[in-house]
Structure formats: C-alpha cells, structure tokens
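Q: I am new to this structure and would like to be guided through it. Could we begin with the sequence and the model?

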Amino acid sequence: MTEPQPLRVGMVGYSFMGAAHSHAWRTAPRFFDLPLAPQLTAVAGRNEEGVRAAAAKYGWDSVETDWRRLIERDDIDLIDICTPGNTHAEIAIAALEAGKHVLCEKPLANSVEEAEKMTTVARAAAERGVLSMCGFSYRRTPALALAKRMVDEGRLGDIRHVRAQYLQDWLSDADAPLTWRLDKSKSGSGSLGDIGAHSIDAAQWITGQAITGVSALMETFVRERPVGGDFVGLGGHGGSDGPKGPVTVDDAALFTARFSGKHDGGTGPVGIFEATRFALGRKNAMRLELNGTKGSLAFDFEDMNSLQFYDASLEPDAGFRKIMVTEPSHPYTGNWWPTGHGLGYEHGFTHQVVDLVNAIGAGEQPSPSFADALQVQKVLAAVEASAAAESRWQNVDKEH
C-alpha cells in the first residue's frame with residue numbers, strides 16, 4: 001500500500017490546549033485510517049526553555065520562539081493555534097495568506113470585527129485550496145455527535161426548548177491567582193467566551209438553528225486576585241498578603257435566547273444558557289438538554305459516555321432511558337475499545353484531528369468553519385451588549 005503523504009504540523013502555544021492538541025496529533029493516525037499522515041514538525045512559544053521542554057515531552061521535532069518563523073518555514077503545511085484569543089487573528093490571517101491550513105482554538109477571536117476579518121481571509125484562502133477550522137472540540141464527543149444524529153433523524157420532532165449549562169468551580173477560591181484568562185485584553189471575556197462559547201456552538205450545531213436574540217446578565221464576583229502564587233491546572237492558590245491585580249472579565253454569564261427555526265418565518269425554540277466557574281462541586285458539567293414534540297435528549301459531560309433519551313411514543317411512565325454511547329455504530333467509537341469501555345476528554349481532540357485531516361485530504365471545508373465560529377462570536381457580543389444595557393433584548397447581527 002502507498003504510504004499517505006505527510007501533513008506537517010506547526011503548533012503555536014504549548015500549555016493546556018497545546019498538550020491536548022499534541023496528544024491528538026500523535027494519536028489520531030494510530031487509531032484511524034487517514035488520507036494524510038500528521039507529523040509533529042515544530043512547536044512555537046516565546047519562552048525558549050519552556051517550549052523546548054514541551055517539545056521533548058509531547059514529541060515535537062523542533063522548536064521556534066517566534067510564530068512568524070513557524071509560518072515562514074517550507075516544511076510546515078498546517079498551523080495549529082493554541083494561544084490566548086488576542087493573538088488568534090494575527091496568526092491565523094498570516095498563516096492562511098502564506099498558504100498554510102489552520103486549526104484555531106475557540107472562541108475564534110476577541111471581537112466580532114477580528115472574527116469577520118478572519119472569516120473573509122479564510123473564504124479567500126479556501127478558493128485556493130487552503131482550509132481552516134475552529135476547534136469546538138465538544139462536537140466530537142460521541143454522545144453529542146449521537147444527539148446531533150438523532151435530531152437530524154427527527155427523533156425529537158420540532159425542538160421547543162434548549163437548556164444549556166456549563167458549570168466549573170476552579171475560580172471559587174477568591175485567592176486563586178490572576179491568569180491571562182481573567183484579563184479581558186487577552187481572553188476577550190471570562191466564563192462567557194471560555195466555556196459558554198462551547199454551549200452556544202453545541203446548541204446551534206445540534207439543533208441546526210442559529211440564535212437570533214438574547215437577554216443577558218453577567219457578574220464578576222471577585223474583582224481582584226493575587227498576581228502570583230502556586231499555579232495548579234487552570235487555577236491554583238495565590239497568597240492573600242501579596243499584590244493583587246484587577247479581574248476584568250465576567251465570572252458568570254446567564255442569558256435567555258430565541259432560535260431561528262428550521263425554515264424562514266418558522267418559530268424556533270427558546271433557550272436558556274448559564275456559564276460559570278464558581279459552581280462549587282461542578283468540575284466540568286457541560287450540560288445540554290433538548291425538549292421536542294416527540295422526545296427529549298439530555299447530556300452531561302461529567303457522564304460523557306452516556307446520553308439520556310425520552311421517547312414520547314412510549315408509555316409516559318417509561319421515563320428517560322440511558323444510552324451507553326460505546327457501540328461500534330455510534331460516532332467515532334468503533335475505532336477505539338470494546339463496547340462499554342468508555343472514552344475521555346482527550347478523545348474529542350483526537351476526533352477533531354480526524355475530521356480535519358479527512359476534510360483536507362478530500363479538499364472539503366472542515367466543520368466548524370470560521371464562518372460558523374463567527375456566528376458564535378456574534379452571539380457572545382450580543383450577550384455582552386445586553387448585559388451592559390440592563391438585560392435589554394439584543395438581536396444577533398445577521399450580516400456577513
């Protein structure tokens with residue numbers, strides 16, 4: 001058999017997301033038959049000592065301390081962006097214009113204006129065969145992918161309610177240190193963009209409908225945090241006696257929403273969304289429930305290998321049934337372990353690589369596209385605008 005052509009990857013950033021993406025690039029071709037062979041060619045980071053340690057740990061062949069040099073290299077085919085949101089636009093635009101495919105972490109940018117520029121460049125690049133995708137990895141959770149399939153098959157009928165929560169608790173300690181995720185100039189927003197964006201994308205993707213308007217409330221509970229301290233995972237603990245800096249993002253965001261409906265003029269579902277990093281005891285409760293005219297679906301990432309389904313055609317007292325999403329017939333799972341042997345958080349990133357490489361190999365637009373991510377960015381902007389205007393209804397911009 002002919003060996004597949006290499007897909008030489010250059011990654012920018014090497015922390016939490018960099019580790020997840022590195023694992024995915026290494027793992028995908030070992031469990032899935034791909035049209036191209038991903039190679040971990042180079043990783044870039046500003047701290048030479050740190051990036052060299054990451055390269056050795058995660059299996060990258062070489063390092064750069066300037067992402068521009070990564071883009072200039074002839075031995076790089078794709079740029080994987082795992083950096084804070086304020087850098088996404090510059091890196092992605094430069095990479096696409098240089099003829100490199102792009103995978104960019106979510107949210108796509110820190111503003112609608114940046115996301116629109118990225119989308120315009122991505123469309124022009126696609127005409128030259130240069131492709132791009134935004135990394136909403138929860139789409140690749142088998143249970144959510146199964147939920148999408150069931151909705152598309154009409155198993156729920158017409159959707160009436162969308163109920164979404166994303167609950168974490170890693171910022172509940174008021175002395176957790178100040179990181180870039182708490183600086184609006186770098187992150188764009190707090191819980192809204194960091195985790196709420198996942199809920200927005202998942203809800204729109206599974207229903208096949210766009211959010212058209214919102215009424216929102218946002219709150220920052222802890223307005224100053226220690227500048228330094230012991231960093232553990234996403235958070236950690238800073239000394240209460242040392243210097244502090246301002247928190248400039250939201251700690252919690254809540255909003256109601258209307259969806260577009262399947263057809264022009266149709267009445268879409270209503271939705272309620274919540275995102276917080278202050279829900280003590282909830283570690284990564286990314287929850288989604290859909291109620292339709294024929295049934296309901298419910299998902300919680302803290303039980304990520306199962307999907308709850310209520311079929312209204314059965315006796316009312318039948319209740320929800322639990323689907324263990326580990327069968328070979330379920331999305332992605334047939335390439336992994338025997339039935340009943342569950343998957344984990346990291347597998348979503350592996351499936352993301354699989355879908356991206358298959359799309360590049362076929363010369364087709366990967367999903368979600370930058371245009372899809374722009375729609376999420378517009379919802380984020382509408383939520384912020386509504387919250388700043390005492391929760392007044394805010395329509396989501398439909399242009400572009």
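This is a predicted model: local features need pLDDT of at least 70, side-chain atom pairs count only at pLDDT 80 or more; totals for chains, interfaces and linings use all residues.

Q: Let us start with the open sheet. How many strands form it, and in which order?
A: Six strands form the open sheet, and their order is β3-β2-β1-β4-β5-β6. The pairing is parallel.

Q: Which strands stand at the edges?
A: The edges are taken by β3 (62-64) and β6 (132-135). Each has a single partner strand, so one side of each is left without a neighbour in the sheet.

Q: By how much are neighbouring strands of this sheet turned against each other?
A: On average the turn is 25°, with direction ignored.

Q: How many bridges join β1 to β4?
A: Four bridges join β1 to β4 (residues 78-81), and the two strands run parallel.

Q: Which helix lies across β5 and β6?
A: Helix α10 (residues 370-388) lies across β5 (101-105) and β6. The helix runs at about 40° to β6.

Q: Now to β8. Do its partners run parallel or antiparallel, starting with β13?
A: Strand β8 (residues 211-219) and strand β13 (residues 252-259) run antiparallel and are joined by eight bridges. Within this pairing, Ser-215 has Thr-256 of β13 as its bridge partner.

Q: And how many bridges are there between β8 and β19?
A: There are two bridges between β8 and β19 (residues 394-395), again in the antiparallel sense. Here the bridge partner of Gly-213 is Asn-395 in β19.

Q: A change of topic: which residues touch the most other members in the largest nonpolar core?
A: That core has 79 residues, and those touching the most other members are Ile-79, Met-118, Ile-211, Phe-255, Phe-273, Leu-307 and Phe-370. A second, separate core has 32 residues, including Leu-40, Val-63, Val-354 and Val-357.

Q: What is Ile-79 in contact with, leaving aside its neighbours within four places in sequence?
A: Its contacts include Gly-10, Val-12, Leu-70, Ile-71 and Ile-91. Also among them are Ala-95, Lys-100, His-101, Val-102 and Leu-103.

Q: How many disulfides are found in the whole structure?
A: The search of the whole structure finds zero disulfides.

Q: Next, where is Gly-13 found?
A: Gly-13 is in the loop between β1 (5-12) and α1 (16-31). This glycine counts as buried because its relative accessibility is 10%, which is under the 20% limit.

Q: What does Gly-13 touch beyond four places away in sequence?
A: Gly-13 touches Gly-18, Val-43, Ala-44, Cys-82 and Thr-83.

Q: Finally, is Val-232 buried or exposed?
A: Val-232 counts as exposed because its relative accessibility is 59%, and exposed means over 50%. Val-232 is placed in strand β10 (residues 230-232). From Val-232 to Phe-299 the C-alpha distance is 28 Å, and the two are 67 residues apart in sequence.

How values were computed
Residues are numbered from 1 along each chain as its sequence is written. Side-chain values use heavy atoms; hydrogens and water are left out. Buried means under 20% relative accessible area, exposed over 50%, partly exposed in between (1.4 Å probe, protein chains only). A nonpolar core is a set of buried Ala, Val, Leu, Ile, Met, Phe, Trp, Tyr and Cys residues joined through side-chain atoms within 4.5 Å. Contact means heavy atoms within 4.5 Å. A disulfide is a pair of cysteine sulfur atoms within 2.5 Å. Two strands pair if DSSP finds at least two bridges between them. Axes are lines fitted to C-alpha atoms, for helices over the stretch in contact, and angles run from 0 to 180 degrees between N-to-C directions.
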